[in-house]
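User: I am new to this structure and would like to learn how to read a few of its features. Please start with the strands.

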Amino acid sequence: MTSTAQQTHPGPDLAPGGTILELRGLEKKYPGTHALKPVDLAFRAGEIHAIVGENGAGKSTLIKLLTGVMPRTSGEVIWEGKPTALATPHEAMALGINAVHQEVVLCRHLTVAANMFLGEESSRFGLLQQRAMIREAQKIIDGLGFDLPAHVVLGDLTIGQQQLIAAARATVRGTKFLIFDEPTAYLTRKEADQLFKLIRRLKGEGVTIIYISHRMEEVFELADRVSVLRDGTLVGTRDIAETSEPELVKLMINRSIEQIYHKEHFTPGAAIVETRALTGKGFENVSLSVRAGEIVGLYGLIGAGRSEFVTALYGRHRKSAGQIFWQGKEVEVNSEHDAIRLGMALAPESRRDQGLCLNLPVGLNLNLPIYKRISSNLLISGAREKTEADRQIADLRIKTPTRNALASSLSGGNQQKIVIGKWLAHGAKLFIFDEPTVGVDVGTKAEIYRLFSTLLSNGAGIILISSYLPEVYELADTLHVFRRGKLVATHGFRTASHEDILSQALAEKQEKTGGQT
């Protein structure tokens, strides 16, 4: 077991800024699909190179080709001046090419240390040296600036913390070329800052970083260059100092940035739901209301109590005190069934774990809430089942070969459309969206935002939870700020600055650190 300083730098013959990896006509075809059209692109040693594009633009295909997960159809890959097959993941890792994926692919039932050295375990006389591995793993984690324990089971950590461990693991595997795929999707601000420090440190050691993200502010904060993919085609590469967010968005989706945050204002109607001093696990004394035609935004750091509040409102967890009023009448919501019966719909934070049946077809997922309606005498109407699913696929522009394709085969953005779409035919009055655009591209975001307007025009109300401040700031008619389980501030549409809202979410941290955030 060796330290990161010994392993994370290019070979002695490769000068900083020289080409470490070159793609010449790299191409991938599937039957009926041209996933990646011939790409010519060179990556420099020690640069941070961002790759952006919509879901389905070819980013995932490119990652799989570079990491040896799938074979290319044609083209050449030149590694440190020599052609390479990159036919298997083992070959890619042997060269020093590694990836940190958006969905953590480590072993949740093993300790952090065991995951760090998976496949490279330390043993003596056939016995694992677990204490030695824990000590070495802790040394590495501490050296990277991550405040995480090496001895605990990985599954006991948050998704964001698991992502940091995945990044730490990648740095101890002889990495020269490291791909990050949407690495901050589940990270808190503090965790993201820690990750960015690691990325900059690796760059300083000569590691080439490929950074894939839908968050433009991260691209401009970190990257030296950025390449744009659209419909499987490389449409441009820019020095980050010579481009702008509007230019990149236009290259990605052929639309202007002003068209992304689609916001229509409706005259609010009567209150659909109201809470009075609602209290439960992780939150207390929350009073708010949502009116027809209104988006109510909930902003705060991860763990501030926003998700806990809405899951209690939805009956997934029991409240311990307070009242819920539905269309003016006090109600008890003791289960999700009660919430659905009233007319609530929840698109949860983790679509893969809580919002989808990944091993079931797209059409079945879309129809799950309405099977009672399209059935008669315990028999499902096959015609209505197909009609309802096809209508939602068309209306939401879900990119799927057929309604019978498994949900797991779709991109993250299209999976999110299924999570949202399955409730549309149900006819809910209150839609709760918890981090609805995590891991989706700007084009899909625009489609989701337009969907919000459709729901509002039909008299529904929306609760929008987002850790991405520009999103709730641009969309919420009423914005509530949560901190440590409490609702600490309320603002109308654009009546407060980003700085004020962020300060309110971080206020207690500021007090403890003398105002430094």
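**Strands, a helix and a loop**

Analyst: Strand β13 (residues 271–280) and strand β14 (residues 283–291) run antiparallel and are joined by six bridges. Strands pair if DSSP finds at least two bridges between them. Helices (H or I, at least four residues) and strands (E, at least two) are DSSP runs, numbered from the N terminus. This is a predicted model: local features need pLDDT of at least 70, side-chain atom pairs count only at pLDDT 80 or more, and totals for chains, interfaces and linings use all residues. Residues are numbered from 1 along each chain as its sequence is written, and side-chain values use heavy atoms, with hydrogens and water left out.

User: Which residue takes a positive phi in the hairpin of β13 and β14?

Analyst: G282 does, with phi near 95 degrees; two residues lie between the strands.

User: What stands opposite T275 in β16?

Analyst: I324 does. β13 pairs with strand β16 (residues 321–326) in the antiparallel sense over five bridges. In β14, the bridge partner of T275 is L288.

User: How many residues of α15 are buried?

Analyst: Buried means under 20% relative accessible area, exposed over 50%, partly exposed in between (1.4 Å probe, protein chains only). Twelve of the 13 residues in α15 are buried, among them G412, I418 and W423.

User: Where is T184 found, and is T184 buried or exposed?

Analyst: T184 is in the loop between β9 (177–181) and α7 (189–204). T184 is buried, because its relative accessible area is 2%. Contact means heavy atoms within 4.5 Å; not counting residues up to four places away in sequence, T184 touches A192, L195, F196, Y211, R215 and E218.
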